[in-house]
Amino acid sequence: MFSPVRKVNLSLVFNSFSSKQPVTNTIIFRLNSNSRAYTSVPTTSSKGPLDGIRILDLSRVLAGPYCSMLLGDLGAEVIKIEHPERGDDTRSWGPPFAPYTKESKYTPNKLNKLKTTTFPGESAYFLCANRNKKSVAINIKEPKGQDIVKQLAKKCDILIENYVPGKLDEFGLGYNQIKEVNDKLIYASITGYGHTGPYSKNPGYDVMIEAEAGLMHITGERTSNPVKVGVAITDVVTGLYAHGAIMAALISRSKTNVGQHLDINLLGSQLSALVNIGSNYLIGNTEASRWGSEHPSIVPYRNYQTKTDPICIGGGNDSQFKSLIKSLDLTEILSSADEFSSNSLRVKNRAKVDSIIQTKLNTMTRDEVIKALENKGVPHAPINNMQQTFEHPQVLARNLVANINHKYVGNIKIVQPAVTYSNSPATIRLPPPMLGQHTESVLKGILNYSKESVDNLCSEGVISTFE
């Protein structure tokens, strides 16, 4: 449907796994109660919905790599272009690192003119966003490196980049320049502020956009200073927007046979993600404020402390509130109809409602509260740390963590694709790559370079490869 430039050679993908780790479509996990380790059971493989689509990924850090990873999960072949000495910035963002195994035989080509940075292992940050990709190490500041990128772009369906607007134009790799060699290419640019406007040349950083685009202002306790979200959520949201935009552009290309330029940016993505908070201001001129875990319009709806650990409880309607107070044996407050009988009254008497519930929970453990509220129609959830999250029964039942083999660091655990497909599943086919792991195979296999040509480019400092 997408009129791909060519078909992916799936044997190259499958053969990149260790012989000890069969290629899998779905990985089923069981939890060992002693080691709490995940084990995998392989099943047969199948093609994803983007099989036959090739992506040239010039992005770094998180928003772009997260987007290309999602597309790779769907079967696309992703060629990740990295700096031949230091690679993606996140390769050095540790600890933690997954250390290299003693059996690892990673050896850079002796002909490499450029010296590859030595890391203590593969960083957890890099590993989280770069599965299902091939790493090709190219110095795009070199004219010959730029020529290689253009040759690859000619054979790709999608290009993803996150340079400051105008930077790739300096290298002859901007949209208008690449369009000349492949007018069917979907060229996705991810920036901080977009390609137009007074801030367009400013670099974009997740935490800065959180601050500048309103998210930080509404995050934190009511009486405390603004804080950032605990994960780089603006980058993640932007990656998701980019993923959706690229999918839409592929559909458009299937109708027109013409590619296009996608202008995706952190600022616009974050504004869109403000949803009702932004709408409250635009429609009602209502300035936002921090509420911590509370809700400005619903009571109770917040975190409470117990004798042991915190818990989140909500009472979104009168029925849920009645069930909550009955379950906690607080039926005496039902008689206070003038104060608690409706949500609007509970909002008005927020402090008193919260005080009554908190006083009761001070006498109970979290497990006791959960047992009391179980199957009572009251929204509630424990506030889990990472260990509790990844040991959650539903996480295990849904097989949300994959244990995959990485040739150079051994078995690693990564989060599975979030969406399941009944007919064309998203899969983990390739572990996150080593820097330059696929330079030689891509240049030879896709561009028909000879071994002599590859060696010459290594000695000239244009690329770096493995031996």
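1. Let's start with Arg 366, which is buried, with a relative accessible area of 7% (buried means under 20% relative accessible area, exposed over 50% and partly exposed in between, with a 1.4 Å probe and protein chains only). Its side chain meets that of Asp 309 in a salt bridge, 4.0 Å from N to O (a side-chain nitrogen of Lys or Arg within 4 Å of a carboxyl oxygen of Asp or Glu). The pair links distant parts of the chain, 57 residues apart: Arg 366 is in helix H15 (residues 366–373), and Asp 309 is in the loop between E11 and strand E12 (311–314). Asp 309 itself counts as partly exposed, at 33% relative accessibility.

2. A word on the source: this is a predicted model, in which local features need pLDDT of at least 70 and side-chain atom pairs count only at pLDDT 80 or more, while totals for chains, interfaces and linings use all residues. Residues are numbered from 1 along each chain as its sequence is written, and side-chain values use heavy atoms, with hydrogens and water left out.

3. For the overall picture, the chain has 19 helices and 16 strands (DSSP runs numbered from the N terminus, with helices being H or I of at least four residues and strands E of at least two). Of the 467 residues, 46% are buried. Among contacts (heavy atoms within 4.5 Å) between residues at least 6 apart in sequence, 73% join residues at least 24 apart.

4. Back to the charges: the whole structure holds 19 salt bridges. One of them joins Arg 302 and Asp 354, at 3.3 Å from N to O. Arg 302 lies in strand E11 (residues 301–304) and Asp 354 in helix H14, so this pair ties together parts that are 52 residues apart in sequence. Asp 354 is buried, at 8% relative accessibility. Leaving out residues up to four places away in sequence, Asp 354 touches Glu 294, Pro 300, Arg 302 and Tyr 304.

5. Lys 80 forms a salt bridge with Asp 88, with the closest N and O atoms 2.9 Å apart, and both residues are buried. Arg 54, Glu 77 and Lys 134 are linked in a network of salt bridges.

6. Now for the rings, where a search of the whole structure finds 3 aromatic pairs (rings of Phe, Tyr and Trp, the last by its six-membered ring, with centres within 6.5 Å; planes under 30 degrees apart count as stacked, over 60 as edge-to-face and the rest as tilted). Tyr 175 and Tyr 187 are edge-to-face, because their centres are 5.6 Å apart and their planes are at 70 degrees. Tyr 175 lies in helix H6 (residues 175–179) and Tyr 187 in strand E9 (residues 186–191), so the pair ties together parts that are 12 residues apart in sequence. Tyr 175 is buried at 16% relative accessible area, and Tyr 187 is buried at 2%.

7. Tyr 193 and Tyr 199 make a tilted pair, with centres 5.5 Å apart and planes at 50 degrees. Tyr 193 counts as buried at 12% relative accessibility, whereas Tyr 199 is partly exposed at 43%.

8. Arginines also meet rings here. The charged end of Arg 60 sits over the ring of Tyr 163, 3.9 Å from its centre (NZ of Lys or CZ of Arg within 6 Å of the ring centre and within 35 degrees of the ring normal). Likewise, the charged end of Arg 346 sits over the ring of Phe 321, 4.2 Å from its centre.
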